[in-house]
Amino acid sequence: TDMIIPKQFLKTIKRDGLGEGLFYEMRFFENGKKNKEFILNKKPFCESKILVSHSNFGCGSSREHAPWAILDFGIRVIIAESFADIFYNNCFKNGILPIKLEKSEVQKIINEIKFKNFIFTVDLKKQTIINVNLKINFEIDIYKKDCLINGWDDIDLTLKQKKLISEFEDKNLKDWIFPGKQDA
């Protein structure tokens, strides 16, 4: 995550504006000029919605700024052989779909990109990745899938239980404040 979003961009709790810092130390030279050789500075990759990587993507510190920067850059899907656990879960909490694939499947996608077949469709409902030459199925936890499809975060899920929470509070509030029987 230190390479995804370097420390100098961690001074904010706002989720927007971090895309400029995404992979900053690789995308820019020390003088601030863009590194034209870095993949995300080249067309069509600078407009990518899908990021393809190898193993252990998102390892390092558990900064939530990393998925924020990825999302702010415009990337909505990350395909990799494996992910760091905290980063993987932070992706779901921030509306990014992280897809785990076998090494051979990731390599098939990379090969398609090398042959200039850049257009891929990721269908979350059907759990497929498709382009002109291939179709790959992926697995995803049904709960996390439903949250992404419906745009639910932890707060939304809590608010869905608002009625039950209120009923519980109304019923049990006196016991929380004044445990046991109260004599007048």
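Predicted model: local features only at pLDDT ≥ 70, side-chain atom pairs only at ≥ 80, totals over all residues.
Pockets make a handy starting point. On a 1 Å grid over the protein atoms alone, a pocket is an open set of points with protein on both sides within 12 Å along at least five of seven lines, the points being places where a 1.4 Å probe fits, and lining residues have an atom within 4 Å of a point. Grid points are joined across faces, edges and corners, and a volume is the space filled by probe spheres set on the points. The second largest pocket comes to about 300 Å³. It is lined by 16 residues, with Arg76, Gly95, Ile96, Cys147 and Leu148 closest to its centre. Two or more lining residues come from each of α3 and α5 (142-150); helices (H or I, at least four residues) and strands (E, at least two) are DSSP runs, numbered from the N terminus.

The largest pocket holds about 730 Å³ of space. Its lining counts 27 residues, and Phe45, Ser48, Ile50, Val52 and Ile113 lie nearest the centre. By class, 20 are nonpolar, three polar and four charged. The largest share, four residues, is supplied by α4.

Next come the rings. The structure has nine aromatic pairs, counted when ring centres of Phe, Tyr and Trp (its six-membered ring) lie within 6.5 Å, with planes under 30 degrees apart called stacked, over 60 edge-to-face and the rest tilted. Phe23 and Phe38 make a tilted pair, 6.2 Å centre to centre with 50° between the planes. Phe23 sits in the segment before α1 (24-27) and Phe38 in the loop between α1 and β1 (50-52), 15 residues apart. Phe23 counts as buried because its relative accessibility is 9%, and Phe38 does so at 15%; buried means under 20% relative accessible area, exposed over 50% and partly exposed in between (1.4 Å probe, protein chains only). Phe57 and Phe83 pair edge-to-face, at 6.4 Å and 85°. Phe57 lies in the loop between β1 and α2 (65-73) and Phe83 in the loop between β2 (77-80) and α3 (85-93), so this pair ties together parts 26 residues apart in sequence. Ring pairs also link Phe57, Phe83, Phe87, Tyr88 and Phe92 into a cluster.

Most residues other than glycine have a negative phi, and most peptide bonds are trans. Phe23, though, has a positive phi near 50°. Lys116 also has a positive phi, of about 65°, and is found in the loop between α4 and β4 (121-123). With 62% relative accessibility, Lys116 counts as exposed. The peptide bond from Lys43 to Pro44 is cis, with omega near 0°, and Pro44 belongs to the loop between α1 and β1.

Technical notes. Residues numbered from 1 in each chain as written. Heavy atoms only, no water. Nonpolar A, V, L, I, M, F, W, Y, C, P; charged D, E, K, R; others polar.
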